[in-house]
Amino acid sequence: MNNNRDLEIHLIPLEHISVLNPRERGKRKFAQIINNIEKLGLKKPITVTPKEHTRGNQEYYLVCGQGRYEAYKILGEPEIPALIVNVTKEELLLMSLVENLARRQHSTLELVRDISDMRDRNYTFAQIAEKTALEVSYVRGIVKLLKKGEERLLQAVEKGQIPISIAVIIASSNDHQIQKALTEAYEKNTLRGNKLLTARKLVEKRRMNGKGLKPTPRKKKEDEVSSQKLLRVYEEETAKQKLLIHKSRLCETQLLFVVSALRQLFQDEQMTTILQAEDLDTLPAYLISQIYGEAT
């Protein structure tokens, strides 16, 4: 940058300003911007840079302040206060990216799109990290997730729900490898408590609904539920319950026979003496209560 006139504020016609790299914003937040400007006025001027080639009136590219610029248009204002800086087109795109990173209400896809754009303009991962104050590994992971269409994982990373390293592993692994990675992350104290629970839920949701934020429609099952099928299942479950009851009664009968036999056995003093001599006179507490319970 050079020859900046950033200490002087100019009134520039809105029609002479173009937005080179437009951003989408939430309707509620934008409505607040309009309301604040309408009631309190513009607190901070926008920033523009002159176009290299213009015909007639001087025209500008918007550098910072898209929300304020669009609010002025909605309010019907013909001109807007602006600071003028002289920057190259590359610097303009970079300044726009930095402003986007500074806005905490931006969407994850908007963030990674900017990083991807820099990558497409042949910036190295190290250069992107330096210009955006991000770690190289973070930038590399974001680009990898974006190329794989992992919108759900990107959102989780941006919200701080899982580390970028875990997200990359999930995107590049099968179910078995993912579970192993989560276990290792727990053992290394990378994921603990709520974060580990969130990661597991995310993995399951990604498996069920796909990589994108919008759920993938499930295919209609070929075998539709019918009254006949429900009746058949009911009859099968009823038969299982009857069999279980029969087995429990059989076990009860056998247990009663064992208890009766042991009761008669322990009434024989000679047999009791032999068992005591061989240290075989102990029984489970339940059997003892059954054998001696009625007598006590």
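User: Which residues in α6 meet which residues in α8?

Analyst: In this predicted model, Tyr138, Gly141, Ile142, Lys144 and Leu145 are the α6 residues of the contact, and they meet Ile164, Ala167, Val168 and Ala171 in α8. Sorted by class, the contact of α6 with α8 has seven nonpolar residues, one polar residue and one charged residue.

User: At what angle do α6 and α8 pack, and how far apart are their axes?

Analyst: The angle is about 30°, and the axes lie 10 Å apart. Since angles under 35 degrees count as roughly parallel, the two helices α6 and α8 are therefore described as roughly parallel to each other. As for handedness, the crossing of α6 and α8 is left-handed.

User: What about the largest nonpolar core, how many residues has it got?

Analyst: That core has 31 residues, and those with the most contacts inside it are Leu145, Leu153, Val157, Ile162, Ile164, Leu182 and Leu191. Several helices each supply at least two residues of this core, namely α4 (108-120), α5 (125-132), α6 (136-147), α7 (151-158), α8 (164-171), α9 (175-187) and α10.

User: And where does the largest share of this core come from?

Analyst: It comes from α8, with six residues.

User: Picking one of them, what does Ile162 touch?

Analyst: If residues up to four places away in sequence are not counted, Ile162 touches Leu153, Ala156, Val157, Ala167, Ala199 and Leu202. There is also a second, separate core of 16 residues, which includes Leu14, Ile46, Tyr69 and Ala71.

User: Which residues of helix α2 are buried?

Analyst: In α2, which covers residues 66-74, the buried ones are Gln66, Gly67, Arg68, Tyr69, Ala71 and Tyr72. Just after α2 comes Gly76, which takes a positive phi of about 75°.

User: Changing topic, where is Glu150, and is it buried or exposed?

Analyst: Glu150 sits in the loop between α6 and α7. Its relative accessible area is 0%, and because buried means under 20%, Glu150 counts as buried. Not counting residues up to four places away in sequence, Glu150 touches Leu145, Ala171, Arg206 and Lys211.

User: Then what is Arg206 in contact with?

Analyst: Leaving aside neighbours within four places in sequence, Arg206 is in contact with Glu150, Arg152, Leu153, Ile170, Ala171, Ile178 and Lys211. Arg206 itself is found in helix α10, which spans residues 193-209.

User: Why is Arg206 called buried?

Analyst: Arg206 has a relative accessible area of 15%, and the cut-off for buried is under 20%, so Arg206 is buried.

Definitions and conventions. Residues numbered from 1 in each chain as written. Predicted model: local features only at pLDDT ≥ 70, side-chain atom pairs only at ≥ 80, totals over all residues. Heavy atoms only, no water. Helix = DSSP H or I, 4+ residues; strand = E, 2+ residues; numbered from the N terminus. Buried < 20%, exposed > 50% of the residue type's maximum accessible area, 1.4 Å probe, protein only. Contact = heavy atoms within 4.5 Å. Core = buried A, V, L, I, M, F, W, Y, C linked by side-chain atoms within 4.5 Å. Axes fitted to C-alpha atoms, helices over the stretch in contact; angles between N-to-C directions. Parallel < 35°, antiparallel > 145°, perpendicular 65-115°, else oblique. Left-handed = near helix turned anticlockwise from the far one by under 90°. Nonpolar A, V, L, I, M, F, W, Y, C, P; charged D, E, K, R; others polar.
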